[in-house]
Amino acid sequence: MSDDVRISFEFFPPKTAEGKAKLHKVREELQGFDPDFYSVTYGAGGTTRDTTKGVVKTLIEQGISAAPHLSFGGDDEAAVLSLLSEYKDAGVDRIVALRGDLPSGMGGHSQLVYANQLVSFIRKNFGDHFHLEVAAYPEIHPEAKSYSADINYLKGKFDAGANSAITQYFFNPDAYFHFLEQCHDAGIDAPIYPGIMPIINYRNLARFSDSCGAEIPRWLRKRLESFGDDNESLQAFGVDLVTELCDTLLENGAPGLHFYTMNQTNPTAQILKNLSGE
Ligand code: FAD
């Protein structure tokens, strides 16, 4: 794997002291892969405001580049401004700017603020201080009106000032490359980094994929189902499959890889070792 491939790792903020300690260990184990940055997710509706901030600040204090995910959720401009200022003061220079989804029960409370509006808001208040990442969907966002509408809204995020995008995960590389072509035709020339989901647990993956619109091809579902409760064999198969996916992506020009680590060292570490031929 060439040195100019951008590697990033995504964490979610742990809820318990045990989870925090585990994340610290995982971060140390992944550091050997020399990632460009770690990103830390943000609970819909701001539910993880303090824990996301806590993980990001700890990483920055350790001299490690960390990017909080951020969305308006149910917050007003003053609250988002204050959080962004706090991040800036703490040394954060990269944000993953999202619309997010409101948790059930908050639906009537507030309107979602589209990601392009958040990007504009950040640029208006902080100029070019932050590198802004946005989300992209090679298999199209589940609420999108059409394929081209979703690409045009992605273009809108770049026009508003985003620098690069990270995709939802996918298992079919053709979906990503077709998407890149369509983005290019729509005038998007910023880098779009593929999001990589290691296979850890079939039931969770199937449930999550159904809700976020990421397709598990039928043949793959059948293969994964066939492992039943044998998670060890499932994970070994998953490492080979995802290594091959990453290989195909990089060989065909993907500018980097963003791993949804699920706060676990493996399978991400094993996939990266395979990619470097270790
Ligand atoms: P947007 O880009 O705003 O798009 C949302 C939908 O609205 C799309 O269907 C789009 O076609 C449409 N649309 C976009 N702009 C407009 C507009 N101006 N007018 C009308 N329609 C529009 N969720 C979390 O809760 N926390 C996280 O930390 C998190 N991290 C993520 C990281 C990555 C890399 C990805 C890919 C997703 C992440 N998500 C996260 C999930 C994400 O929040 C959801 O997919 C959410 O539904 C959409 O967010 P978005 O920023 O893509 O929205």
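Hi everyone, let me start with how helices and strands are named here: they are DSSP runs, helices (H or I) of at least four residues and strands (E) of at least two, numbered from the N terminus. This is a predicted model, where local features need pLDDT of at least 70 and side-chain atom pairs count only at pLDDT 80 or more, while totals for chains, interfaces and linings use all residues. Residue numbers start from 1 along each chain as its sequence is written.

Let's look at two helices. H4 (residues 115–126) and H5 (residues 147–159) have axes that come within 8 Å and cross at roughly 5°. Axes here are lines fitted to C-alpha atoms, for helices over the stretch in contact, with angles from 0 to 180 degrees between N-to-C directions. H4 is therefore roughly parallel to H5, a term for angles under 35 degrees. Ala 115, Asn 116 and Val 119 of H4 meet Tyr 153, Gly 156 and Lys 157 of H5, where contact requires C-beta atoms, placed from the backbone, within 7 Å.

Finally, Ala 165. Among the residues that Ala 165 touches, leaving out those up to four places away in sequence, are Glu 133, Val 134, Leu 154 and Tyr 193.

Key
Parallel < 35°, antiparallel > 145°, perpendicular 65-115°, else oblique. Contact = placed C-beta atoms within 7 Å.
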